Amino acid sequence: MFPTQTDLSEEEIQLLKFDFSWNNNKKIIVFNEILDSLVIQELNKDMNRIGSRILLERFNETLFLSFYDDIYVDIQIPIKYVDSEIMILYGFPNEPYEVTCTVIK
């Protein structure tokens with residue numbers, strides 16, 4: 001893993017929303033919010049589950065997008081670079097191996 005290049009603090013990064021698109025998979029990246037629909041959130045509450053969410057996590061000098069399902073990490077994607085306009089993710093299993101996400105204003 002390579003150190004993430006950024007001048008932003010982790011708190012500043014977590015306040016940003018990003019538009020993500022990779023091989024016809026489109027998603028809006030929002031940190032620390034439950035991503036499930038209201039119906040699923042109610043079901044999760046009844047089952048003592050947290051739900052799906054995206055967290056920003058650090059391992060040494062590398063930041064990661066960590067996709068959680070309840071308390072379990074589903075996917076972790078390393079962040080190569082992030083500023084107030086873009087975030088570059090890498091390490092995907094197929095081309096393109098690197099994805100640039102733009103900030104949603």
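Ile34 counts as partly exposed, because its relative accessibility is 34% (buried means under 20% relative accessible area, exposed over 50% and partly exposed in between, with a 1.4 Å probe and protein chains only). This is a predicted model, so local features need pLDDT of at least 70 and side-chain atom pairs count only at pLDDT 80 or more, while totals for chains, interfaces and linings use all residues. Residues are numbered from 1 along each chain as its sequence is written, and side-chain values use heavy atoms, with hydrogens and water left out.

- Ile34 is found in the loop between S2 and helix H2, which spans 38-46 (helices are DSSP runs of H or I with at least four residues, strands are runs of E with at least two, and both are numbered from the N terminus).
- Together with Ile50, Ile71 and Tyr72, Ile34 makes a nonpolar surface patch of about 390 Å².
- Such patches take residues with over 30% relative accessible area and no salt bridge, joining like charges within 9 Å and nonpolar side chains (Val, Leu, Ile, Met, Phe, Trp, Tyr) within 5 Å; the areas are Shrake-Rupley values with a 1.4 Å probe, and for residues only the protein chains shown count as cover.
- Glu33 also lies in the loop between S2 and H2, and its relative accessible area of 43% makes Glu33 partly exposed.

**The largest pocket**

- The largest pocket holds about 260 Å³ of space.
- Of its 15 lining residues, Lys27, Phe67, Asp74, Ile75 and Ile77 are the closest to the centre of the pocket.
- Five strands each supply at least two lining residues: S1 (17-22), S2 (25-30), S3 (52-59), S4 (62-69) and S5 (72-82).
- By class, the lining has eight nonpolar, five charged and two polar residues (Ala, Val, Leu, Ile, Met, Phe, Trp, Tyr, Cys and Pro are nonpolar, Asp, Glu, Lys and Arg charged, and the others, Gly among them, polar).
- A pocket is an open set of points on a 1 Å grid over the protein atoms alone where a 1.4 Å probe fits, with protein on both sides within 12 Å along at least five of seven lines; lining residues have an atom within 4 Å of a point.

**Salt bridges**

- The count comes to four salt bridges (a side-chain nitrogen of Lys or Arg within 4 Å of a carboxyl oxygen of Asp or Glu).
- One of them pairs Arg58 with Glu10, where the closest N and O atoms are 2.6 Å apart.
- Arg58 sits in strand S3 and Glu10 in helix H1 (residues 10-14), so this pair ties together parts that are 48 residues apart in sequence.
- Both partners are partly exposed: Arg58 has a relative accessibility of 43%, and Glu10 has a relative accessible area of 25%.
- Arg58 also forms a salt bridge with Glu61, with the closest N and O atoms 4.0 Å apart; Glu61 is exposed, at 53% relative accessible area.
- Another salt bridge joins Lys105 to Glu85, at 3.0 Å between the closest N and O atoms.
- Lys105 lies in the segment after S7 and Glu85 in the loop between S5 and S6, so the pair ties together parts that are 20 residues apart in sequence.
- Lys105 is exposed at 78% relative accessible area, whereas Glu85 is partly exposed at 43%.
- Through shared partners, salt bridges join Glu10, Arg58 and Glu61 into one network.

**The loop between S6 and S7**

- Phe92 is found in the loop between strand S6 (86-90) and strand S7 (98-103), and with 9% relative accessibility Phe92 counts as buried.
- Phe92 and Trp22 are 9.1 Å apart in space, C-alpha to C-alpha, though 70 residues apart in sequence.
- Pro96 is found in the loop between S6 and S7, and the peptide bond from Glu95 to Pro96 is cis, with omega near -10 degrees.

**Positive phi values**

- Most residues other than glycine have a negative phi, and most peptide bonds are trans.
- Asn24, in the loop between S1 and S2, has a positive phi near 70 degrees and counts as exposed at 77% relative accessibility.
- Asn60, in the loop between S3 and S4, has a positive phi of about 55 degrees and is exposed, with a relative accessible area of 56%.

Terms used
Grid points are joined across faces, edges and corners, and a volume is the space filled by probe spheres set on the points.
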